Amino acid sequence: MKVLIVNTLYEPYKVGGAEISVQSITEGMVKNGIEVAVLTLGEKTEKTIINNVLVYRLKIENLFWPFNEINYSKIKKLKWHFSDIHNKKYDKNIDKIIDEFCPNVIHTNNLTGFSVAIWDIAKRRQIKIIHTLRDYYLQCPKTNKFKNDNCEKQCTECMFFSIMKKAKSQLVDSVVGISNFILEDHIDKGYFKYALKKVIYNGFDTKKEILSNSDFEKHTFVKFGFIGQINKAKGIEVLIRSLEELKDYDNWKLFIAGNVDPSYKDYLLSFLPDEKVEFMGYMKQDTFFDIINVLIVPSLWEEPFGRVVLEGLLSNVPVLGSKKGGIKEILTGNSKFTFNPFKEDLKSLLQSILENPEELNTFNIDINDFHKLYSLECMIDEYVKTYKELKK
């Protein structure tokens with residue numbers, strides 16, 4: 001069996017958890033004896049080997065490379081997204097790659113930059129298509145369904161950009177959601193009507209010891225942590241404003257890890273005394289999780305999965321998580337530590353913890369269930385089964 005895995009970015013390019021998960025799948029397949037190649041985008045065309053994986057990288061065929069810090073005009077962005085609805089400029093190169101590699105299956109993931117035109121190529125070449133839903137690209141050109149606030153319904157602009165994407169989704173043979181939430185969200189809106197459907201959670205290295213509960217005492221100093229992209233959609237403002245109302249409590253501090261715009265950092269700092277918050281900049285997760293003892297994931301947007309929640313759990317840190325998107329699925333057994341970020345829930349939860357840190361000792365993980373759902377081995381096995389189903 002030969003599988004061509006397609007994702008917008010691949011090592012060394014990274015934006016978020018999707019790139020980590022796709023690389024884990026790819027390298028896991030190689031270890032399982034499946035012949036795999038990656039098709040991805042970059043700032044130049046090249047063919048290379050990364051960790052024993054053949055990688056075809058095509059130069060992006062659009063107005064600009066969107067994964068940098070440049071803030072382009074709205075008109076230029078609209079033109080970029082219009083070109084990205086159904087971009088056929090890659091067709092010749094993709095056909096050449098298919099001729100060379102001869103895949104039985106094309107497994108698409110994030111498609112920003114490629115567009116759904118790749119599904120046309122696969123169908124024309126009679127190659128089975130698996131698509132993994134890792135973002136909302138098919139519904140929203142920004143991929144997150146978030147403007148100033150969470151989008152309760154699709155706006156006219158997104159509706160225009162998604163018409164063809166929804167139509168082309170009917171070409172897909174099998175669709176995988178990285179959570180029940182993101183899969184059902186697309187199915188309910190009419191996507192992938194004819195595809196086999198399943199949920200495969202992102203996989204992690206679960207070999208290190210995971211504790212079943214925490215060890216907090218009445219006088220434990222609570223070191224809250226936030227790590228990731230620092231923006232409104234990720235809920236940082238909700239977190240800061242909730243803690244602002246609790247600044248008179250003397251048993252806590254907030255640590256924030258991630259790159260942040262200096263002016264936005266100054267804005268956030270205006271709500272809390274200096275001694276109550278520390279911006280750590282970009283840092284490795286293991287280092288960060290050694291500093292904090294409670295992770296907060298206050299996302300406002302509908303997180304497709306919530307990778308950072310699992311990373312916190314694997315580091316034996318209890319997690320307070322937003323009920324948005326797939327986060328609540330991971331915290332099913334700890335629902336009292338979840339909250340609606342648009343209400344006063346987070347402030348009440350934080351206050352309860354500060355008044356009684358021992359409450360965090362009731363945070364519990366079913367270790368057997370955890371390994372079954374979130375191990376790398378389980379994820380790889382499920383994808384191998386999915387590939388084989390399509391070969392029948």
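Student: What do the buried residues of α3 pack against?

Tutor: This is a predicted model. In it, the buried residues of α3 pack against the strands β1 (2-6), β2 (35-42), β4 (53-59) and β5 (105-108), plus α4 (117-124).

Student: Which residues of α3 are buried?

Tutor: Helix α3 spans residues 91-101. D91, I94, D95, I97, I98 and F101 are buried there. They cover an arc of only 160° around the axis, so they sit on the same side of α3.

Student: Why would that spacing work?

Tutor: An α-helix has 3.6 residues a turn, so residues three or four places apart point the same way.

Student: And which exposed residues are on the face turned away?

Tutor: K92 and K96. After α3 comes C102, with a positive phi near 55°.

Student: Switching to the sheet. What's the strand order in the 6-stranded open one?

Tutor: β11-β10-β9-β12-β13-β14, with parallel pairing. β11 (277-281) and β14 (338-339) are the edge strands, each pairing on one side only.

Student: How many bridges join β13 and β14?

Tutor: 2 bridges, in the parallel sense. S322 stands opposite F339 in β14. Helix α7 (residues 236-244) packs on the sheet and touches β9, β10 and β12. The direction of α7 makes about 165° with that of β10.

Student: Last one, α1 and α14. At what angle do the axes cross?

Tutor: Roughly 70°, and the axes come within 10 Å. Angles of 65 to 115 degrees count as roughly perpendicular, so α1 and α14 are roughly perpendicular to each other.

Student: What classes of residue make that contact?

Tutor: 8 nonpolar, 3 polar and no charged residues. Among them, I25 and M29 are in α1, and L376 and Y387 in α14.

Definitions and conventions:
Residues numbered from 1 in each chain as written. Predicted model: local features only at pLDDT ≥ 70, side-chain atom pairs only at ≥ 80, totals over all residues. Heavy atoms only, no water. Axes fitted to C-alpha atoms, helices over the stretch in contact; angles between N-to-C directions. Helix = DSSP H or I, 4+ residues; strand = E, 2+ residues; numbered from the N terminus. Parallel < 35°, antiparallel > 145°, perpendicular 65-115°, else oblique. Contact = heavy atoms within 4.5 Å. Nonpolar A, V, L, I, M, F, W, Y, C, P; charged D, E, K, R; others polar. Pairing = 2+ DSSP bridges. Buried < 20%, exposed > 50% of the residue type's maximum accessible area, 1.4 Å probe, protein only. Arc of directions from axis to C-beta.
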